Amino acid sequence: MKSSGRAYIRDGLYYNPRFISKQEREDLLLWLKTLYPLWEERFSKHNPPPEGDTWRPLLRPVYWLGNWQFACLDYYHPPKGIYNRCVEAEKYPPLLRSLVDKIEKMARNIYKAGDMPKEWELNTCLINFYGSKIEDGKKIDTARVGEHKDFEPGPVASLSLGERAMFQFVTGNNKTGNNVILEQWLDDSSLQIFGTDKWKNKAFHRVQRVDRKLGTHFDLQVENFETRRINFTFRYVPREHIIPYKKLPIEQQEDTKIYMEKLSLHSDFFKKALS
């Protein structure tokens, strides 16, 4: 099933291809230039690769707001993976806060109580930078994300800038094969919201590829990387599961200190968190 590029809402899935205005887009890009995204490793000293896996960096640079879920801490994964996963991070800038307020209001009108946790709010944001990694002068396209689920409770919202991305919901697994139940292009300046058991629990989602048709190249503070798409994914983490860096167990502090130190070079928030 293929979704059109027009605005629609059905079965717990909402899409608006022109949610962000031209001025908002320009202001967001100016703010994004102030960030210094991280290249994170998937594993660490105290969380080494499981048998059959290897040491490897993520496919793309990332930045988090609200709380930072470091890859080596295994992300937030209820019901068991809830503690020592989410570290306090910078607040949303005013423009992003304004957009999130609108999205939260929309989502509360779309989803019923059974699909909307009582204390739900979009208090964590993962910013993914999609494009090509540059190694030895060669460009290696890494603009994709394999099938996965977002385990944070409640609806998930996504804002996109730049080249459009082929986004798919799939069922099945690597052994039985994937069955694409819906695919759609996520356009520049678009908003997608998905919730309910159908999209959150029964299906996986992935970014299959990112176009090059617009010739987009964002000028950002990202080393050895050419960014052509930026995506903001907003989710909900219960506040009691978000902790200051200093309250992490010593082993987790050791595994993430290198990232905190890099962030502190350009952020007063993280500088204070380390002090």
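Helix 1 of this predicted model spans residues 22-32, and E24, L28, L29, W31 and L32 are its buried residues. Seen down the helix axis, these buried residues fall within an arc of 160°, so they line one face of helix 1. K22 and L30, on the other side of the helix, are exposed. The buried residues of helix 1 have several packing partners. Four of these are strands, namely strand 3 (62-65), strand 6 (124-135), strand 9 (156-162) and strand 14 (225-235). Helix 2 (94-110) is also among the elements against which they pack.

The loop that runs between helix 1 and strand 3 holds R42. This arginine has a relative accessible area of 17%, and because the cut-off for buried is under 20%, R42 counts as buried. The side chain of R42 makes a polar contact of 3.4 Å with the side chain of D74. When neighbours within four places in sequence are left aside, D74 is one of the residues in contact with R42.

Aromatic rings come next. A pair of such rings is described by the distance of the centres and the angle of the planes. The model has 13 aromatic pairs. In one of them, F167 and F169 have ring centres 5.2 Å apart and planes at 75°, so the pair is edge-to-face. F167 and F169 are both buried. F269 and F270 form another pair, with ring centres 5.2 Å apart and planes at 80°, so this pair is edge-to-face. Here the two partners can be described separately. F269 has a relative accessible area of 32% and is therefore partly exposed, whereas F270, at 0%, is buried. F269 and F270 also belong to a cluster linked by ring pairs, together with Y63, W68, F70 and Y259.

Two lysines are placed over aromatic rings. K133 lies over the face of W39, at 5.0 Å from the ring centre. K149 lies over the face of F204, at 4.7 Å from the ring centre.

The remaining points concern the backbone in loops. Between strand 4 (67-68) and strand 5 (86-88) there is a loop that contains P79. The peptide bond leading from P78 to P79 is cis, and its omega is near 5°. N84 is also located in the loop between strand 4 and strand 5. Phi of N84 is near 60°, which is a positive value in a residue other than glycine. With a relative accessibility of 25%, N84 counts as partly exposed.

A positive phi is also found at D136, where the angle is near 55° and the residue is again other than glycine. D136 is part of the loop between strand 6 and strand 7 (138-141). Strand 6 is among the elements against which the buried residues of helix 1 pack. The relative accessible area of D136 is 80%, so the residue is exposed.

Terms used: Residues numbered from 1 in each chain as written. Predicted model: local features only at pLDDT ≥ 70, side-chain atom pairs only at ≥ 80, totals over all residues. Heavy atoms only, no water. Buried < 20%, exposed > 50% of the residue type's maximum accessible area, 1.4 Å probe, protein only. Helix = DSSP H or I, 4+ residues; strand = E, 2+ residues; numbered from the N terminus. Arc of directions from axis to C-beta. Contact = heavy atoms within 4.5 Å. Phe/Tyr/Trp six-rings, centres within 6.5 Å; stacked < 30°, edge-to-face > 60°. Lys NZ or Arg CZ within 6 Å of the ring centre and 35° of its normal. Polar contact = N/O pair within 3.5 Å; in protein donor to acceptor, adjacent residues only side chain to side chain.
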